[in-house]
Amino acid sequence: MEKECGLWISVLSHKLRKRVNADVQNLGLTGIQSRVMHYILVKCTNGPVFQRDVEKDFGLSRSTATGILQLMEKNGLILRKSVSSDGRLKSLIPTEKAAHLDDRIGESLTQIEQRLTRGLSDTQLTLFLETAALMSANLDA
């Protein structure tokens with residue numbers, strides 16, 4: 001019996017998570033922490049980054065995002081700074097420790113992405129990304 005789309009996605013997700021976790025473990029991070037930290041470092045150059053941004057862009061529940069960010073704060077990777085216009089909002093500020101780790105994380109994520117997409121043509125990669133986006137939207141509906 002051939003694997004269905006959902007099963008293939010599950011298998012790929014498991015393998016990718018396992019690979020990323022193994023590659024960043026020596027930095028004292030989990031795979032999701034490394035991706036969130038990299039995201040914050042990139043996005044904060046264009047303006048403040050908030051927990052709701054992380055929730056939306058990673059498809060995380062509020063409680064999951066809170067747990068990840070609290071651990072990152074405890075480990076000295078981010079600070080939460082109140083926004084003057086709304087005391088309830090806290091922007092996520094990467095620390096120097098995070099900035100020092102980001103080169104290694106970025107390199108690791110790039111290598112994993114290259115390994116994941118090795119042998120795919122630009123057309124295949126574009127088609128996959130369009131298909132994955134449509135599948136994601138289908139599940140949101």
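Leu-29 is placed in the loop between H1 and H2, where helices (H or I, at least four residues) and strands (E, at least two) are DSSP runs, numbered from the N terminus. With a relative accessible area of 6%, Leu-29 is buried; buried means under 20% relative accessible area, exposed over 50%, and partly exposed in between (1.4 Å probe, protein chains only). The C-alpha atoms of Leu-29 and Gln-124 are separated by 32 Å, and the two residues are 95 residues apart along the chain.

The model is predicted: local features need pLDDT of at least 70, side-chain atom pairs count only at pLDDT 80 or more, and totals for chains, interfaces and linings use all residues. Residues are numbered from 1 along each chain as its sequence is written, and side-chain values use heavy atoms, with hydrogens and water left out.

**Overall architecture**

The chain holds six helices and two strands. Their order from the N terminus is α-α-α-α-β-β-α-α. The C-alpha trace spans about 55 × 35 × 25 Å along its principal axes. Among the 141 residues of the chain, 27% count as buried.

Two further residue pairs relate sequence separation to distance in space. Val-49, in the loop between H2 and H3, is buried because its relative accessible area is 2%. Val-49 and Leu-92 are 5.5 Å apart in space, C-alpha to C-alpha, and 43 residues apart in sequence. Asp-53 belongs to helix H3 and counts as partly exposed at 23% relative accessibility. Between the C-alpha atoms of Asp-53 and Ala-65, 12 residues apart along the chain, the separation is 9.9 Å.

**Salt bridges**

Side chains of opposite charge can pair when their charged atoms come close. A salt bridge is here a side-chain nitrogen of Lys or Arg within 4 Å of a carboxyl oxygen of Asp or Glu, and the count by this rule is two.

| Lys-56 | Asp-57 | 3.8 Å |

In the pair formed by Lys-56 and Asp-57, Lys-56 counts as exposed at 68% relative accessibility, while Asp-57 counts as partly exposed at 43%.

**Pockets**

Rolling a probe the size of a water molecule over the atoms shows where empty space is left. On a 1 Å grid over the protein atoms alone, a pocket is an open set of points where a 1.4 Å probe fits, with protein on both sides within 12 Å along at least five of seven lines; lining residues have an atom within 4 Å of a point. Grid points are joined across faces, edges and corners, and a volume is the space filled by probe spheres set on the points.

The largest pocket has a volume of about 1800 Å³. It is lined by 33 residues, of which the closest to its centre are Ile-9, Ser-13, Leu-16, Phe-128 and Ala-132. At least two lining residues come from each of H1, helix H2 (31-43), helix H3 (51-58), helix H5 (96-117) and helix H6 (122-140). H1 gives the largest share of this lining, 10 residues. By class, the lining of the largest pocket comprises 19 nonpolar, nine polar and five charged residues; Ala, Val, Leu, Ile, Met, Phe, Trp, Tyr, Cys and Pro count as nonpolar, Asp, Glu, Lys and Arg as charged, and the others, Gly among them, as polar.

The second largest pocket contains about 220 Å³ of space. Its lining consists of Lys-3, Trp-8, Val-11, Leu-12, Lys-15, Leu-16, Arg-19, Ile-112, Arg-115 and Leu-116. H1 and H5 are the elements that give two or more residues to this lining, and H1 provides the largest share, six residues. The lining of the second largest pocket divides into six nonpolar, no polar and four charged residues.

**Nonpolar surface patch**

Trp-8, Leu-12 and Leu-116 make a nonpolar surface patch of about 290 Å². Patches are made of residues with over 30% relative accessible area and no salt bridge, with like charges joined within 9 Å and nonpolar side chains (Val, Leu, Ile, Met, Phe, Trp, Tyr) within 5 Å. Accessible areas come from the Shrake-Rupley method with a 1.4 Å probe; for residues, only the protein chains shown count as cover. Leu-12 is in helix H1 (residues 5-24) and is partly exposed, with a relative accessible area of 40%.
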